[in-house]
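I opened this entry to look up a few side-chain pairings. My notes follow below.

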Amino acid sequence: MSYSYVQYTGNGATTNYAFSFPYLDSSHIKVRVNGTITSFTFVNSGTVQISPAPLTGTIIDIRRETPKDLAPVNFTDGSVLLEQDLDLLAAFNLYTAQESADGVADSITKDTLGVWDAQSRRMKSLADPVNANDAVNKSWAETAMSSQLASATSQATIATTKAGEAASS
């Protein structure tokens, strides 16, 4: 369960998407369709509308992104501590902690045996391997397999020819 985002798959008709997480300011809500920031309008505090409707199969990501570069409250010596300021700061801390927890939960992590777990997700931007135990990307694997398949096919043809020659003699 995520604390700060929800994802949907577009169907070409739906334009309204609900979310249940709280936020401090509406500018903290970001909507992406297939990873690209998309304009939207609020239908209410927990529903956004995207127009036109996202295409079938597209991923709609609604996410709270609380700015982490500036605290929402600045206390000064001798000032009165107001409940609303303390509540705001507590919510800010909670939301940034939740967003961090979601980031960790959605990352490649090690399981209890120390094995990396990609959680059945694709990986992108994987470089070509250098060492024997490096992970490989699809392009590299297909190129390597094509080369090996061509070599094996060539060797099979030569073996068939030689077998025919041996049978004749």
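I looked up Glu99 and found its side chain in a polar contact with the side chain of Arg64 at 2.7 Å (a pair of N or O atoms within 3.5 Å; within protein, one must be able to donate a hydrogen and the other to accept it, and residues adjacent in sequence count only if both atoms are side-chain atoms). The model is predicted: local features need pLDDT of at least 70, side-chain atom pairs count only at pLDDT 80 or more, and totals for chains, interfaces and linings use all residues. Residues are numbered from 1 along each chain as its sequence is written, and side-chain values use heavy atoms, with hydrogens and water left out.

I checked burial next. Glu99 counts as buried at 11% relative accessibility (buried is under 20% relative accessible area, exposed over 50%, partly exposed in between, with a 1.4 Å probe and protein chains only). Arg64 is buried too.

I then listed salt bridges (a side-chain nitrogen of Lys or Arg within 4 Å of a carboxyl oxygen of Asp or Glu). The whole structure has seven. One of them joins Glu99 and Arg64. This pair links helix 1 to strand 7, 35 residues apart (helices are DSSP runs of H or I, at least four residues, and strands runs of E, at least two, numbered from the N terminus). Arg64, Lys68 and Glu99 are linked in a network of salt bridges.

I noted another between Arg121 and Asp106, with the closest N and O atoms 3.9 Å apart. Arg121 is partly exposed at 44%, and Asp106 is partly exposed at 31%.

Last, I found Lys162 bridged to Glu165 at 3.8 Å. Both lie in helix 2, three residues apart, about one helical turn.
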